Protein chains: 2
Amino acid sequence: MTGPVGIISAGDMGAAIGAMLTSGGVDVATDLTGRSELTRTRAAEAGMRDAGSTDALVEECDLLLSVLPPAEAVPIAEEVAGAMARTGSRPAFAECNAIAPQTVVRIATLMLDTGAPFIDAGIIGSPPSPGSDTRIYCSGPDTSALESLRECGLDIRRVGPRFGQASGLKMVYAASTKGTTAVWTELLTAAEAMGLTDALLAEFGDAVDPARRIKATTQMPRRARRWVGEMEEIAATFEHLGLTPRILLGAADMFRLTGETALAEQTSREPDPELREMLRVLAEQARAGNQQG
Amino acid sequence: MTGPVGIISAGDMGAAIGAMLTSGGVDVATDLTGRSELTRTRAAEAGMRDAGSTDALVEECDLLLSVLPPAEAVPIAEEVAGAMARTGSRPAFAECNAIAPQTVVRIATLMLDTGAPFIDAGIIGSPPSPGSDTRIYCSGPDTSALESLRECGLDIRRVGPRFGQASGLKMVYAASTKGTTAVWTELLTAAEAMGLTDALLAEFGDAVDPARRIKATTQMPRRARRWVGEMEEIAATFEHLGLTPRILLGAADMFRLTGETALAEQTSREPDPELREMLRVLAEQARAGNQQG
C-alpha cells in the first residue's frame with residue numbers, strides 16, 4: 001500500500017492526479033494556505049486534504065509531486081528543501097513540471113544535497129482521468145516510489161536512469177505539438193492580416209494535415225498564457241544542446257500575443273473560438289502592437 | 001500566340017518553367033553570361049536560347065519572369081530596370097520569387113516608375129512538369145501577360161488585384177510546410193542529442209501526423225541552404241504585420257545548421273538520408289557549434 005502523497009499544487013493537473021490517487025485509496029495532501037476558493041473546491045472534489053503548511057506536507061508524506069507552472073518549479077523546490085531542513089523529514093521528491101533538463105538537474109542536486117530521493121518526471125497529455133491516455137514518464141536511479149502509483153490507474157513509464165531524460169522527453173514532445181501549433185497560428189494570422197485566409201484555405205483544400213493543424217490552433221487560446229513559460233523552457237533546452245532557441249521563443253511570443261486578447265479568458269467549459277473570429281482578433285492584436293512599437 | 005518570354009534565371013525552377021513554355025511553342029530566352037556549365041546544359045535541355053545580355057533579354061521579350069533565390073530578387077530587378085532605361089523596351093516584369101510582400105511592393109514601384117507593367121507571382125510546389133500540380137499564383141491590376149502562359153499547361157491562378165497578395169500567399173504557405181519542417185527537425189535533433197530518439201518515436205507510435213512530419217525532415221537537407229533566405233523573407237513578412245519574426249528566423253537557423261553539414265551536399269539524384277544518420281549529424285553539428293560559442 002502506497003503511503004501518503006503530497007501534491008504541490010492542486011491546479012488542473014495536480015488535482016486530477018490527486019483524484020486518481022484518492023480513488024485508489026491513497027491519502028493525498030496538499031497545502032491550501034493562501035489558495036483561491038477555486039483551488040480549495042477542486043482539492044475537496046479530488047478528495048485531497050489540506051496539510052496546512054509546506055512543513056506539514058513534508059512531514060506527513062512519503063512522496064511529493066511538484067506539479068506547477070514552469071516558472072514556479074525552482075522556488076517551490078527551494079521552499080520544500082527548506083521545509084525538509086527544518087523538519088528533518090526526507091520524502092521522495094518527484095519533479096513533474098515542464099522544465100528544461102538542465103533545470104531538473106539543478107533541482108536534483110538541491111534535493112540530493114538535502115538528502116531526499118529525487119525523481120525526474122514529465123507528464124504528456126491532458127489532466128488524467130479514468131481511461132484517459134495521459135502518460136507520466138519518469139527517470140532517475142530509483143523511480144519506484146512514483147512507479148508504485150500505477151496501482152491507482154496512472155500510466156507511469158520509466159525512460160531511463162538519468163535525471164533529465166523524462167523532462168527532456170516532455171520538452172521535445174511538447175515542441176512537436178505546441179511548437180507546431182505556434183507556427184500554424186502565426187501563419188494563419190498572417191494570412192488573415194493580409195486578407196489571404198480564403199486563398200490559403202483553398203490552397204490547403206481538404207488535406208487532412210492542415211485541417212488537423214488548424215483545429216489545434218483554435219484549441220490553443222485558453223491555454224496560451226500557461227504555454228508561454230513552457231515554450232521558454234523548451235527554448236532553453238534546445239539552446240543548451242547548441243540548437244537555436246528562436247523557434248520556441250517565437251512560439252512563446254505567439255502564445256503571449258494570444259494571451260493579451262480576450263480569447264485567453266475563455267474557460268474549458270466554453271466552446272473553442274471559431275477560426276475566423278480567432279484570426280481576426282489575433283491579427284488586430286498584432287497590428288495594434290505594431291503601431292505602438 | 002504568346003510572344004517571347006525571358007526567364008531570369010535558368011535554375012531548377014526557371015529551367016522547368018522554360019521547358020514547359022518551349023514545349024508549348026513559346027520562344028524562351030535567358031542570359032547565360034558567366035553562368036555555369038550545369039546551367040547552360042539545363043537551359044539547352046529546356047530549349048531555352050541565350051540572349052547574351054540583360055539588355056538583349058529586355059529588348060527581345062514581351063514578358064520577363066524573375067525566378068531566383070530570394071536574396072537576388074532586388075539586385076536583378078534593379079539590373080533589369082537599368083536595362084529598360086538603356087534600351088527603351090518595357091516588357092512586363094513578373095516577380096516570381098519567394099520574397100516578402102513589402103519587398104515586392106518596392107520592386108513594383110521601381111518597375112512602374114520605369115514604365116514597365118508589373119505582376120506579383122508566387123510559385124507553390126516543385127519545379128513544374130507535364131502533369132505536376134505546381135501552382136503559380138499571381139496578383140496585380142493586370143496579370144493577363146502571365147495568365148496567357150496557361151496555354152502551355154502551367155497552372156496559373158489569379159489571387160487578386162493587389163501587389164503582395166500572390167507573394168503573401170507564398171509566404172504563409174511556405175511557413176506551413178517549411179516552418180513546420182524546421183520545428184520538427186529541431187525537436188528530433190534535440191531528442192537525438194539527449195539520447196531520447198527511441199523514446200520519442202515510441203511515444204509517437206504509429207500516428208500518421210508524426211510519420212509525415214518526420215519524413216519531411218529527411219527530405220529537407222539538400223534544400224536547406226536554399227531555404228535559409230526564404231525563411232528570412234517569411235520572418236520579415238510576419239514582422240511587418242506585427243507578428244513575431246523569431247519562429248521563422250529560428251527556422252532559418254535550423255536550415256543554416258543543416259547547410260553547414262555534409263547532408264546539404266546531396267543531390268536530388270541521391271536518396272534522402274536515413275533519419276537516424278541525419279539526426280546524428282545534426283546533433284553533432286549543434287554540439288560542435290555550442291562548444292565554439
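1. Helices (H or I, at least four residues) and strands (E, at least two) are DSSP runs, numbered from the N terminus. The model is predicted: local features need pLDDT of at least 70, side-chain atom pairs count only at pLDDT 80 or more, and totals for chains, interfaces and linings use all residues. Residues are numbered from 1 along each chain as its sequence is written, chains are lettered from A and ligands numbered from 1 in the order in which they are written, and side-chain values use heavy atoms, with hydrogens and water left out.

2. Helix α7 of chain A covers residues 165-193, which is 29 residues. From first C-alpha to last it reaches 41 Å, close to the expected 42 Å; the expected span is 1.5 Å times one less than the number of residues. The helix has a kink of about 35°, centred on A175(A). The bend at a residue is the angle between axes fitted to the seven residues ending there and the seven starting there. Just after α7(A), G195(A) has a positive phi of about 70°.

3. Is α7(A) enclosed or open? Because 27 of its 29 residues are buried, α7(A) is largely enclosed by the rest of the structure. Buried means under 20% relative accessible area, exposed over 50%, and partly exposed in between (1.4 Å probe, protein chains only).

4. S167(A) lies in α7 of chain A and counts as buried, at 1% relative accessibility. Its side chain reaches the backbone oxygen of G164(A) at 3.4 Å. This is a polar contact: a pair of N or O atoms within 3.5 Å; within protein, one must be able to donate a hydrogen and the other to accept it, and residues adjacent in sequence count only if both atoms are side-chain atoms. Leaving aside residues up to four places away in sequence, S167(A) touches I99(A), P101(A), V104(A) and D120(A), where contact means heavy atoms within 4.5 Å.

5. The largest nonpolar core has 91 residues, and L187(A) and L187(B) touch the most other members. The largest share of this core, 14 residues, comes from α7(A). Such a core is a set of buried Ala, Val, Leu, Ile, Met, Phe, Trp, Tyr and Cys residues joined through side-chain atoms within 4.5 Å. Beyond residues up to four places away in sequence, L187(B) touches V172(A), A175(A), S176(A) and F238(A) in chain A, and L200(B) and F204(B) in chain B.

6. How is chain B laid on chain A? A turn of 180° and a shift of 0.0 Å along the axis does it, with an RMSD of 0.0 Å. The two copies are therefore related as by a two-fold rotation axis. The superposition is by least squares on the C-alpha atoms of residues with pLDDT of at least 70 in both. Of the residues of chain B, I247(B) comes closest to the axis, at 1.9 Å (C-alpha).

7. The 17 residues of helix α10 of chain B (224-240) should span 24 Å, and the end C-alpha atoms are 24 Å apart. Its buried residues include W227(B), M231(B) and F238(B). Among the elements covering the buried residues are α7 of chain A and α5, α7 and α11 of chain B.

8. The peptide bond from I8(B) to S9(B) is cis, with omega near 5°. Most peptide bonds are trans. S9(B) sits in the loop between β1 (5-8) and α1 (12-23) of chain B and is buried, with a relative accessible area of 10%. A polar contact of 3.2 Å joins the side chains of S9(B) and R35(B).
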